[in-house]
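Hi,

Here is the structure I promised to pass on. Have a look at it first, and my notes on what turned up follow below.

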Amino acid sequence: MAIINPHINFNGNAEEAFNFYKSVFGGEFAKIIRFKELSSPEFPVAENEANKIMHIALPIGKNILMANDVPEILGKTNENENRSKISISAESKEEADKLFNGLSVGGQIEMPISDSPWGSYFGMFRDKYGIEWMIDFDPRR
């Protein structure tokens, strides 16, 4: 079965956001590449973009959460877009609480985590970086 790995665009704060995510999920970064590492005469990198993240990857279970900073030449990422959410299926109610409480710090809770009408333990929020998350624990799985 295929694995789906979410990828997030940031406006220059990918490293800060991923250090925050790492503090909640644990683990180590699988890869960090900065734009300056790709700089060449064919691909010059502006000094103000050199330390920004071209690619960062944080393994979470069997999946990988990935991101990059969008170079200024490509414009700003809409931090209020709401077309997608990252959905996490926790293995226990305790893990769901830990992830919800950790990731939602400084963010905006859309639906507090609690027992849902459809039988799972569920919550939804936008984190302090504008990323939308859904946390779910279904004891029937």
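Lys 52 and Glu 49 form a salt bridge, with their closest N and O atoms 2.7 Å apart. Both partners are buried, Lys 52 as well as Glu 49. Before I go on, please keep in mind that this is a predicted model.

That bridge is one of eight in the structure. Another joins the side chains of Arg 34 and Glu 15, at 2.8 Å from N to O. Since Arg 34 belongs to strand S2 and Glu 15 to helix H1, this pair ties together parts that are 19 residues apart in sequence. Arg 34 has a relative accessible area of 17%, so it falls under the 20% limit and is buried. Glu 15, at 31%, counts as partly exposed.

Then there is Asp 115 with Lys 93, whose side chains meet in a salt bridge at 3.9 Å, N to O. Here too the pair links distant parts of the chain: Asp 115 is in strand S6 (residues 108-115) and Lys 93 in helix H2, 22 residues apart. Asp 115 is exposed, with a relative accessible area of 57%, while Lys 93 is partly exposed at 34%.

Now the aromatics. Searching the whole structure gives 11 aromatic pairs. Phe 18 and Phe 29 make one of them, a tilted pair at 6.5 Å centre to centre with 35° between the planes. It links distant parts of the chain, with Phe 18 in helix H1 (residues 14-25) and Phe 29 in the loop between H1 and strand S2 (31-34), 11 residues apart. Phe 18 is buried, at a relative accessible area of 0%.

Tyr 21 and Tyr 129 pair edge-to-face, 6.2 Å centre to centre and with 80° between the planes. This pair spans 108 residues: Tyr 21 is in helix H1, and Tyr 129 is in the loop between strand S7 (121-126) and strand S8 (132-137). Buried or exposed, these two tyrosines? Tyr 21 is buried at 0% relative accessibility, and Tyr 129 is buried too, with a relative accessible area of 9%.

Ring pairs link Phe 10, Phe 18, Phe 20, Tyr 21, Phe 25, Phe 29, Tyr 129 and Trp 133 into it. Phe 20, a member of that cluster, has a charge over its ring: the charged end of Lys 128 sits there, 4.3 Å from the ring centre.

The largest pocket has a volume of about 620 Å³. Its lining is made up of 22 residues, and those that lie nearest its centre are Ile 60, Asn 63, Ser 87, Ile 88 and Ser 89. Which elements give two or more residues to the lining? They are strand S4 (63-69), strand S5 (86-89), helix H2 (93-103) and S8. Of these, S5 gives the most, with four residues. Sorted by class, the lining has 13 nonpolar, four polar and five charged residues.

Helix H1 carries Glu 15 of the bridge to Arg 34, along with Phe 18 and Tyr 21 from the ring pairs.

Finally, the overall picture. The chain has two helices and eight strands, and from the N terminus on they run β-α-β-β-β-β-α-β-β-β. Its C-alpha atoms fill a box of roughly 55 × 30 × 25 Å, taken along the principal axes. Of the 141 residues, 40% count as buried.

Best wishes

Technical notes:
Residues are numbered from 1 along each chain as its sequence is written. This is a predicted model: local features need pLDDT of at least 70, side-chain atom pairs count only at pLDDT 80 or more; totals for chains, interfaces and linings use all residues. Side-chain values use heavy atoms; hydrogens and water are left out. Rings of Phe, Tyr and Trp (its six-membered ring) pair if their centres lie within 6.5 Å; planes under 30 degrees apart count as stacked, over 60 as edge-to-face and the rest as tilted. Buried means under 20% relative accessible area, exposed over 50%, partly exposed in between (1.4 Å probe, protein chains only). A charge sits over a ring if NZ of Lys or CZ of Arg is within 6 Å of the ring centre and within 35 degrees of the ring normal. On a 1 Å grid over the protein atoms alone, a cavity is a set of points where a 1.4 Å probe fits but cannot get out, and a pocket is an open set with protein on both sides within 12 Å along at least five of seven lines; lining residues have an atom within 4 Å of a point. Grid points are joined across faces, edges and corners, and a volume is the space filled by probe spheres set on the points. Ala, Val, Leu, Ile, Met, Phe, Trp, Tyr, Cys and Pro count as nonpolar, Asp, Glu, Lys and Arg as charged, and the others, Gly among them, as polar. A salt bridge is a side-chain nitrogen of Lys or Arg within 4 Å of a carboxyl oxygen of Asp or Glu.
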